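Please look through the structure shown here.

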Amino acid sequence: MTNRLKNKRALVTAAAQGIGESIARAFSAEGASVLAVDINTEKLSELTGPGITTATLDVTDESALKKFVDEHEAFDILVNCAGYVANGSILNCSNEDWDFSFALNVKSMFQVSKHVLPGMVEKNKGAIVNIGSICAHAGLPNRFAYGTTKAALVGLTKSIAADFIGNNIRCNVIHPGTVQSPSLDDRIAAFDDPVAARKAFIARQPMGRLGTAEEIAAAAVYLASDESVFTTGVDIKIDGGMSI
Ligand code: NAD
């Protein structure tokens, strides 16, 4: 199938690398016009393709965000992808880790959605796709703040889905398992024994391998397209069987 997102305008956050980048590329391949944003301007400059434009945007900066949305035409699709993994249990979770995790993983999705939604309401259509994590469902060791924030996205997603169902706007969340990405490489490199750490990340995946960003992007294309018009308020686990 091609052109599954033809004539749709998409905003994708955290699009310079990893899952966000793959989603921007998959949307472009399906004919969407994609505005890809990130704070990493240099990395973002490598993201090119049909219909892709890029802009530097910090999704935690509400005034910049509001100005940015006001300056652009309404979107048909919003992908909220920005997120950060704070390592540790409740006992070594600092207030700073907690606050930053909520600011980036939850509040930014609240703010971006809040500013983008009025344009969708005006168009009487829209699809929001949030990127959560399997940590929302599966308790994983040393993911206290991260798992808490990602579980909050289930409530955020379902609330938006319920409030805007009459406006033809759908809101769904994807929960990836462990996915190969630059930030996963960084997390692995931070271990004393990175080789053993990578093996442990793979071992917790029942399929015996990491997921790919493209596999998550495929679900995002489906949820953003009209193929999923009967689907809202759903959390989809793309986790290689982690939650079985
Ligand atoms: P990543 O962590 O490698 O990249 C994240 C991107 O977000 C970077 O380009 C970074 O510059 C950008 N970013 C950070 N703060 C930002 C801000 N304030 N404003 C705009 N952009 C910002 O990518 P990833 O590992 O693919 O993770 C993407 C999403 O997927 C996150 O929400 C993450 O929690 C989720 N996720 C990832 C995995 C995984 O194993 N990689 C698993 C489950 C969920």
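Which residue in strand 7 is the bridge partner of Pro-176? The partner is Ile-238. This is a predicted model, in which local features need pLDDT of at least 70 and side-chain atom pairs count only at pLDDT 80 or more, while totals for chains, interfaces and linings use all residues. Residues are numbered from 1 along each chain as its sequence is written, and side-chain values use heavy atoms, with hydrogens and water left out.

Seven strands make up an open sheet with parallel pairing, in the order 3-2-1-4-5-6-7. At its edges are strand 3 (52-56) and strand 7 (235-238), each pairing on one side only. From one strand to the next, the twist averages 20°. Strands (E, at least two residues) and helices (H or I, at least four) are DSSP runs, numbered from the N terminus. Two strands pair if DSSP finds at least two bridges between them. Strand 6 (residues 169-176) pairs with strand 7 in the parallel sense over four bridges.

Strand 4 pairs in parallel with strand 1 (residues 9-12) over three bridges, and four bridges join strand 4 to strand 5, also parallel. Val-79 of strand 4 stands opposite Val-12, and the bridge partner of Val-79 in strand 5 is Val-129. In a regular strand the side chains alternate between the two faces of the sheet. From strand 4, Ile-77 and Val-79 point one way and Leu-78 and Asn-80 the other, and all are buried, that is, under 20% relative accessible area, where over 50% is exposed and in between is partly exposed (1.4 Å probe, protein chains only).

Next come two helices. Helix 6 (residues 182-189) packs against helix 7 (residues 194-203) at an angle of about 130°, with axes 8 Å apart. Axes are lines fitted to C-alpha atoms, for helices over the stretch in contact, and angles run from 0 to 180 degrees between N-to-C directions. The two helices, helix 6 and helix 7, are therefore oblique to each other; angles under 35 degrees count as roughly parallel, over 145 as roughly antiparallel, 65 to 115 as roughly perpendicular and the rest as oblique.

Thr-157 is buried, with a relative accessible area of 1%. Beyond its neighbours within four places in sequence, Thr-157 is in contact with Asn-130, Cys-171, Asn-172 and Val-173, contact meaning heavy atoms within 4.5 Å.
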